[in-house]
Amino acid sequence: MALITWTAAQYGTNVGFADQEHQTLFGLLNKLYDDATGGAARATVGASLDALIAYVVDHFAHEEKEMQAKGFGGYERHKAEHDALVGICADLQKKFHAGEADVTDEVGQMVKSWLDSHIPTYDKAYAEVLS
């Protein structure tokens, strides 16, 4: 079962690239969550974790480049939010691959909560400038 489902009403920014990338991100998160909570092999979970984190880093870089190009005033605060999540993800990734942590339901719920807050609060704020 999907951990998170993209809907325009809840997550839409009306910024084409952002909405498309968010939908891809949600798909990767759902795959990781399904693998991790469904008993997939550790190597499979690790591959899904790596794919999600790599995509998130690329997506954040794309958003940040667009915000800077358009002179979005909330850039610094927005980037700080991105950097905080990337730090958490990089720490989990390192510990997972060292055998010191697992991807659990709680991890999935934490990322979902972050997205539930971040997209409506931070991403929708750039919609007028980037669309």
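Tutor: Lys31 and Asp35 form a salt bridge, with their closest N and O atoms 2.8 Å apart; the term denotes a side-chain nitrogen of Lys or Arg within 4 Å of a carboxyl oxygen of Asp or Glu. This is a predicted model, in which local features need pLDDT of at least 70, side-chain atom pairs count only at pLDDT 80 or more, and totals for chains, interfaces and linings use all residues. Residues are numbered from 1 along each chain as its sequence is written, and side-chain values use heavy atoms, leaving out hydrogens and water.

Both Lys31 and Asp35 belong to helix 2 (residues 16-37), four residues apart, about one turn of the helix; helices are DSSP runs (H or I, at least four residues) numbered from the N terminus. Asp35 counts as buried because its relative accessibility is 12%, whereas Lys31, at 43%, is partly exposed. Here buried means under 20% relative accessible area, exposed over 50%, and partly exposed in between, with a 1.4 Å probe and protein chains only.

A second example is Arg42 with Asp102, whose closest N and O atoms are 2.5 Å apart. This pair links distant parts of the chain, 60 residues apart: Arg42 lies in helix 3 (residues 42-69), and Asp102 in the loop between helix 4 and helix 5 (105-123). Arg42 is partly exposed at 37%, as is Asp102 at 46%.

In helix 4, Asp91 and Lys95 are four residues apart, about one turn of the helix, and their side chains meet in a salt bridge of 3.3 Å, N to O. Salt bridges that share partners also join Glu64, Lys79 and Asp83 into one network. By this rule, the count comes to six salt bridges.

Methods:
Helix = DSSP H or I, 4+ residues; strand = E, 2+ residues; numbered from the N terminus.
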